Amino acid sequence: MVSREQKRAALLHEKLQLLRSITNSHALNKTSIIIDASKYIRDLKQKVERLNQDMAAAQTSTHQNPLPMVKVETLEKGFLVNVVSAKSCPGLLVSILEVFEEMGLTVMEARVSCTDTFRFQAVGGENEEDGESIIDAQAVKLAVGQAIKNWSQQSTDDDDDHDDDQQ
């Protein structure tokens, strides 16, 4: 018969292993698993804070500048690209993905929301045939920014054409 203490110890061990897997910890002892989990939580809090700042900046910038905000971070292999707008941007996703293709970037992971607002977050990496990285984050940001400007001009022209049709 298994005692209550053994059941409790087994349950605690199971929970620690779950915590270890969720936080991608490679630690073996309880203390290290908990330390890794606290670091993981701290990193998540920082990401949430950055996203909140990005959203606040995007909302502020849309009142002054109707174009979506672009942020590019360099990762170990590739880039994290964030594009945020407080309004829906029909056709913008296609323009951004065309830039990725033109630059030789592969989308490895992406999240997109295009309903009431526009939010694009993607991890892109270079097609490394020769193993050398020649694209930097600033080049990606400039290219995506130019795609947004081109899209904005095109959508403004389309709106003008549509207005002319209705007259």
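**View 1. Threonine 23 lies in the loop between H1 and H2.** This close-up comes from a predicted model. Threonine 23 counts as buried because its relative accessibility is 9%, and buried means under 20%. Its side chain reaches back to leucine 19. The contact is with the backbone oxygen of leucine 19, at 2.8 Å.

**View 2. Helix H1 runs from residue 4 to residue 22.** H1 has 19 residues. From first C-alpha to last, the helix reaches 27 Å. That is close to the 27 Å expected at 1.5 Å a residue. Just after H1 comes asparagine 24, with a positive phi of about 55°.

**View 3. The largest pocket has a volume of about 370 Å³.** Its lining is made of 17 residues. Which of them lie nearest the centre of the pocket? They are Leu51, Leu80, Asn82, Arg111 and Gln121. By type, the lining residues divide into 8 charged, 6 nonpolar and 3 polar.

View 4. Which strand gives the most? S3 does, with 5 residues.

**View 5. Domain 1 and domain 2 both contribute to the lining of the largest pocket.** Domain 1 covers residues 7-61, and domain 2 covers residues 69-155. The lining draws at least three residues from each domain.

How values were computed. Residues are numbered from 1 along each chain as its sequence is written. This is a predicted model: local features need pLDDT of at least 70, side-chain atom pairs count only at pLDDT 80 or more; totals for chains, interfaces and linings use all residues. Side-chain values use heavy atoms; hydrogens and water are left out. On a 1 Å grid over the protein atoms alone, a cavity is a set of points where a 1.4 Å probe fits but cannot get out, and a pocket is an open set with protein on both sides within 12 Å along at least five of seven lines; lining residues have an atom within 4 Å of a point. Grid points are joined across faces, edges and corners, and a volume is the space filled by probe spheres set on the points. Helices (H or I, at least four residues) and strands (E, at least two) are DSSP runs, numbered from the N terminus. Ala, Val, Leu, Ile, Met, Phe, Trp, Tyr, Cys and Pro count as nonpolar, Asp, Glu, Lys and Arg as charged, and the others, Gly among them, as polar. Domain bounds come from an automatic or database domain assignment. The expected span of a helix is 1.5 Å times one less than its number of residues. Buried means under 20% relative accessible area, exposed over 50%, partly exposed in between (1.4 Å probe, protein chains only). A polar contact is a pair of N or O atoms within 3.5 Å; within protein, one must be able to donate a hydrogen and the other to accept it, and residues adjacent in sequence count only if both atoms are side-chain atoms.
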